[in-house]
Amino acid sequence: MVQKLLDRVKELPSALHGSKVVDSILRPGSPMKAGYSDSPRNRSYVIMNNVLYHLHPVKVKRHGVRLSYTLCLGGLSFFLFILLTITGIFLMFYYAPTAEAAYQDIQELSTSVAFGSLVRNMHRWGAHFMVLTVFLHMSRVFYHGAYKAPREFNWVVGVVLLLLTLLLSFTGYLLPWDQLALWAVTVGTNMASFVPVFGSQVQFTLLGAVAVSADTLLRWYVLHVLFLPFIIVIFMAIHFWRVRKDGGISGPL
Amino acid sequence: MAELPEHLLRRSAEAKAKALGISVEEAMAQLKGEAPPTPAPTPAAAAPEPEAQSAAVATAAPEAAPETNGHAPVVGDPTKATSVRPVAPAVGGPEGVRTQRLLTVVKAKAIQQTKAEPQDKVNTWPHLMIVEFASLLAVTGVLIILSIILQAPLLEAANFNATPNPSKAPWYFLGLQELLSYFDPQIAGVSIPTIVGLLGFMAIPYVDKNPSNKPSDRKVAIFMYTFFLMGSAVLTIIGVLFRGPGFNFTYPWNDGIFFDDLKDWVPIGLGDGH
Ligand code: HEM
């Protein structure tokens, strides 16, 4: 009886492989499909018959594949953004953006939620990483002269992405509502008040008040979890599309 | 079937008139089925390869029509319908028969002009995807390990009445905060470098007209960017490590590090500077 069950379980992978259901999920040319063989034609199909085609062309310049050319920095910035979205959604389950609840929520997250501390740490260090990788990506692009024609506009889109990345990081900084958050944001937004002519108006718009307050917390929460991610995804889409349309990766030098 | 709007009919009549060398009015009448079609060369016959197929459809349709007599005739199948537009019913013809015409012939031409220079290319799968996947795993691994070892800081609850000394911005703004301590904010302040800097950065590709991307041709550009990188690094490091109470200069080895983001990862004795 048990033996029979075990045999069934052992057969399961091969039964699934090539079954009608699995077949309907995988498009022709998928390496996971029964009967996939490594051929130039199939290598093209893996990309072409796949949602990946939205991100990658079938073929890329040989030098662009070398890790030493892009250091994968743009790709990693994007990947970190995905990781931050996933960990961020987890954090949202346990966090309320009110002056009364926020700090305690973060504290309890670290102490009484399974993996809460790990996920919070990943979200925080991941955010620092992303600021770093975006900055390094920009430097890589500069040193390669990869902003030159026809890629001028994609550099401009990139600068917007850098700004959005910094804003995402900065708005998240306030959310734990501890002394570090409160005063770092106070210092940061004080800088905005030095904007010529409109300084105090800019600061007021950022804070939703004359100083950091509970209103600021709600405002920055909405910016952090909804508005800025929405905007950055649009700009990333344009950015990736332009990389393709501008003739793929630049170079070789 | 709905009548075609007048302006669309007129447009196709003009195209037809031009193609057949007849007057627009004549073409219009033909389109409306009020006059027999000109036997002259049809636009379809003159058209190149891809259109030939639709021309066949256009002529084949009337023959097939009598079988569907009495019913609303079926206009081709969807694939044909894309190239063949039904026009108003032929009033003179037997009931149920419709004439079909090609509205416009568009010559096939690439939307984008691409210069095809032979390039050394490799398949994205597996060559690029493997590199990407490996670096993605590496970063995830490093991030998880880091997150297990290092606790993200959480200080006391926010308190509007207790200003910590020093108060520091997040590290990516600390370079700016450092600048602020040298210059009068109103004059050479932070916002001007930020705004000008931001717009200035966007302008780089339009200002740098040098088309070469060889490092040896770009000494000035590389020098300037490296200067910017080094400057921000130095300012940020000073802001993180060398600023203590009152944002005054301190030596981290004497007074400790005043930077709460690092709170839990500085060895004990250095991190309790405040
Ligand atoms: C959220 C931030 C960003 C993401 C996710 C991102 C992503 C990418 C990716 C995946 C590529 C393909 C090549 C590579 O990986 O290096 C790329 C190329 C490029 N990026 Fe970004 N990027 C970001 C920010 C920036 C910034 C801040 C700049 C410059 C100010 C920039 C300018 C460019 C340019 C000009 C290219 C074309 C480079 C070439 O063809 O060699 N990007 N980006």
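Mentor: The side chain of A:Ser250 forms a polar contact, at 3.0 Å, with the side chain of A:Tyr69. A polar contact is a pair of N or O atoms within 3.5 Å; within protein, one must be able to donate a hydrogen and the other to accept it, and residues adjacent in sequence count only if both atoms are side-chain atoms. Please note that this is a predicted model, in which local features need pLDDT of at least 70 and side-chain atom pairs count only at pLDDT 80 or more, while totals for chains, interfaces and linings use all residues. Residues are numbered from 1 along each chain as its sequence is written, chains are lettered from A and ligands numbered from 1 in the order in which they are written, and side-chain values use heavy atoms, with hydrogens and water left out.

A:Ser250 belongs to the segment after helix 12 of chain A. Helices (H or I, at least four residues) and strands (E, at least two) are DSSP runs, numbered from the N terminus. A:Ser250 has a relative accessibility of 6% and therefore counts as buried. Buried means under 20% relative accessible area, exposed over 50%, and partly exposed in between, with a 1.4 Å probe and protein chains only.

A:His137 and A:His239, each through its NE2 atom, coordinate the iron atom of the ligand at 2.0 to 2.1 Å. A:His137 is in helix 8 (residues 116-143) of chain A and A:His239 in helix 12 (residues 214-245), so the two tie together parts that are 102 residues apart in sequence. Donors are N, O and S atoms within 2.8 Å of the metal (3.2 Å for Na, K and Ca); water is not among the atoms, so sites may look incomplete. The six donor atoms around the iron subtend angles of 85 to 179°, which makes the arrangement octahedral. Six donors count as octahedral if opposite donors are over 155 degrees apart and all others between 65 and 115. For comparison, ideal angles for six octahedral donors are 90 or 180 degrees. Both A:His137 and A:His239 are buried.

In the loop between helix 7 (102-112) and helix 8 lies A:Phe115, a residue with a positive phi of about 60° although it is not a glycine. Most residues other than glycine have a negative phi. A:Phe115 counts as exposed, because its relative accessibility is 63%. Just after helix 8, A:Gly145 also takes a positive phi of about 60°.

Rings of Phe, Tyr and Trp (its six-membered ring) pair if their centres lie within 6.5 Å; planes under 30 degrees apart count as stacked, over 60 as edge-to-face and the rest as tilted. By this rule there are 24 aromatic pairs over all chains. In one of them, the rings of A:Phe135 and B:Phe228 have centres 6.2 Å apart and planes at 45°, so the pair is tilted. A:Phe135 lies in helix 8 of chain A and B:Phe228 in helix 10 (residues 219-241) of chain B, so this pair joins two chains. A:Phe135 is partly exposed, at 26% relative accessible area, and B:Phe228 is likewise partly exposed, at 31%. Ring pairs link both into a cluster whose members include A:Phe142, A:Trp155 and B:Tyr225. The charged end of B:Arg218 sits over the ring of A:Phe142, 5.3 Å from its centre. A charge sits over a ring if NZ of Lys or CZ of Arg is within 6 Å of the ring centre and within 35 degrees of the ring normal.

Methods
Tetrahedral: all angles 85-135°; square planar, octahedral: opposite > 155°, others 65-115°.
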